[in-house]
Amino acid sequence: IVHSLLCHRQGGDSEAFARRAIQSLLRKLKEKRDELDALVAAVTSGGAQPGQCVTVQRTLDGRLQVAGRKGFPHVIYARLWRWPDLHKNELKPVQFCQFAFDLKCDSVCVNPYHYERVGTPGGSGEPGPPPGGIAQGGSPAPLIPPLTSPAGLSIPSTGETPARGRRGAPREPAQPPAAGPRPEFWCSIAYFEQDVQVGEIFKVPSSCPSVVVDGYVDPSGGARFCLGQLSNVQRCAASERARLHIGKGVQLERRGEGDVWMRCRSEHAVFVQSFYLDREAGRAPGDAVHKVYPGAHIKVFDLRQCHRQMQQQAATAQAAATAQAAAVAGSIPGPGSVGGIAPAIGLSVAAGLGVDDLRRLCLVRLSFVKGWGPDYPRASITCTPCWIEVHLHRALQLLDHVLHALPDA
């Protein structure tokens, strides 16, 4: 839960402070599961589900101490998840908040979506973007237009911003190089039940930037991949049960040249493997599984970041393979060579990076209903009852360009 909430911080304070603030709050909510659920829903949905009050005990001076720093609790968490440049006198509670700070109750509501910011542009409490359109923390300002579903229904924007990474992390503005004409399809989606692919791969045309993957059976509504219509004679009971809960599923939306956003439309959480979210959370690539709650709208893939990463990894592997060959031949001088064997062993891991490892940068995996990893009984996504793998064609096109540009060994 800490990791999920941390992905939605707005970048004003350091990640270390944000983590400790979240951990402190979760300890206070340990015996109040309904309030904890309300907090998670409010934060991950960007306020689309404001929920009930989330309360902490009021202290004598009204302030809360986190990581050696004192502040008013409702201000701390409003800064963390909504307005990083907030001042303490800029908040007013919404009418339905029963434990607002100003009511002087024994408990104080810290639900960031139970407060509005006063004295900011637009009158809605949401600050306007700073000059240049970059929000504090180095990420794009939340200028998110309303989405339109394939059936033509308007889905109001939640104001959700991309998950933030470490404060001050460099964001290079350079665009990926042109690598021929854009692909005919922007993504292809494969559906699996445990380790078995079920049905054919579903391809989404580049002319259709949004696709819904749901558990229903009628694909006539436009760009919809209806998993409910797929049969599997070897389907196990776990998959049968999980498929009943896919419901409205998820919406995937391509933005710009190839960034991808996801909205969880299901009534149940989905679990995502995304190198972009790993980086934003400060985790090693492939090291985490990200739980996305119902109503949440988050970015799951960044084309520019992927392109930089594939260039770096491909170059590293190429250099390591060359150095390994030189080490085996004994042509690397110095006391560490020991006939060339020792440095060759040290380089073997980097040199062993293959095309399949680079291809994994170009996809997003998503499990419906059930998670996997250290916190779950399922070790890998291939143990989950129903999941999808989304291959992103523009990224694969750029990878092909990168591989062609490598010098011959």
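User: Which residue in strand 18 is the bridge partner of methionine 262?
Analyst: Isoleucine 298. Helices (H or I, at least four residues) and strands (E, at least two) are DSSP runs, numbered from the N terminus.

User: What kind of model is this?
Analyst: This is a predicted model, where local features need pLDDT of at least 70, side-chain atom pairs count only at pLDDT 80 or more, and totals for chains, interfaces and linings use all residues. Residues are numbered from 1 along each chain as its sequence is written, and side-chain values use heavy atoms, with hydrogens and water left out.

User: Back to the strands. How many bridges join strand 15 to strand 18?
Analyst: There are 4, and the two strands run antiparallel. Strand 18 covers residues 297-301. Two strands pair if DSSP finds at least two bridges between them.

User: And how many bridges join strand 14 to strand 15?
Analyst: 6 bridges, again with the strands antiparallel. Strand 14 spans residues 250-255. Arginine 263 in strand 15 has glutamine 251 opposite it.

User: What do strand 14 and strand 15 form?
Analyst: A hairpin, with 3 residues between the strands. Glycine 256 sits in the turn and has a positive phi of about 60°.

User: Why is strand 15 largely enclosed by the rest of the structure?
Analyst: Because 6 of its 6 residues, 259-264, are buried. Buried means under 20% relative accessible area, exposed means over 50%, and partly exposed is in between (1.4 Å probe, protein chains only).

User: Which residues cover the faces of strand 15?
Analyst: One side has Asp259, Trp261 and Arg263. The other has Val260, Met262 and Cys264. In a regular strand, side chains alternate between the two faces of the sheet.

User: What sits over the ring of tryptophan 261?
Analyst: The charged end of arginine 255, 4.5 Å from the ring centre. A charge sits over a ring if NZ of Lys or CZ of Arg is within 6 Å of the ring centre and within 35 degrees of the ring normal. Another case is arginine 58 over phenylalanine 101, at 4.8 Å.

User: Which residue forms a salt bridge with arginine 255?
Analyst: Glutamate 253, with the closest N and O atoms 3.2 Å apart. Both residues are buried. A salt bridge is a side-chain nitrogen of Lys or Arg within 4 Å of a carboxyl oxygen of Asp or Glu.

User: How many salt bridges are in the whole structure?
Analyst: 20. One of them links aspartate 302 and lysine 299, at 2.6 Å between the closest N and O atoms. Aspartate 302 and lysine 299 are buried too. There is also a network of salt bridges that links Asp61, Arg63 and Lys70.

User: What about glutamate 35? Which lysine does it form a salt bridge with?
Analyst: Lysine 32, at 3.8 Å between the closest N and O atoms. Glutamate 35 is buried at 11% relative accessibility, while lysine 32 is partly exposed at 25%.

User: New topic. How many aromatic pairs does the structure hold?
Analyst: It holds 5. Tyrosine 77 and tryptophan 81 make a stacked one, 5.8 Å centre to centre with 25° between the planes. Rings of Phe, Tyr and Trp (its six-membered ring) pair if their centres lie within 6.5 Å; planes under 30 degrees apart are stacked, over 60 edge-to-face, and the rest tilted.

User: Where do tyrosine 77 and tryptophan 81 sit?
Analyst: In helix 4 (residues 73-81). They are 4 residues apart, so about one helical turn separates them. Tyrosine 77 is buried at 0%, and tryptophan 81 is buried at 2%.

User: What about phenylalanine 192 and tryptophan 387: how many Å centre to centre?
Analyst: 4.3 Å, with 10° between the planes, so by the cut-off this aromatic pair is stacked. Phenylalanine 192 lies in strand 9 (residues 185-193) and tryptophan 387 in strand 20 (residues 387-392), so the pair ties together parts 195 residues apart in sequence.

User: Last one. How many disulfides does the structure hold?
Analyst: 0. A disulfide is a pair of cysteine sulfur atoms within 2.5 Å. For cysteine 187, the closest cysteine sulfur is in cysteine 208, 9.3 Å away and too far for a bond. Cysteine 187 is buried at 0% relative accessibility.
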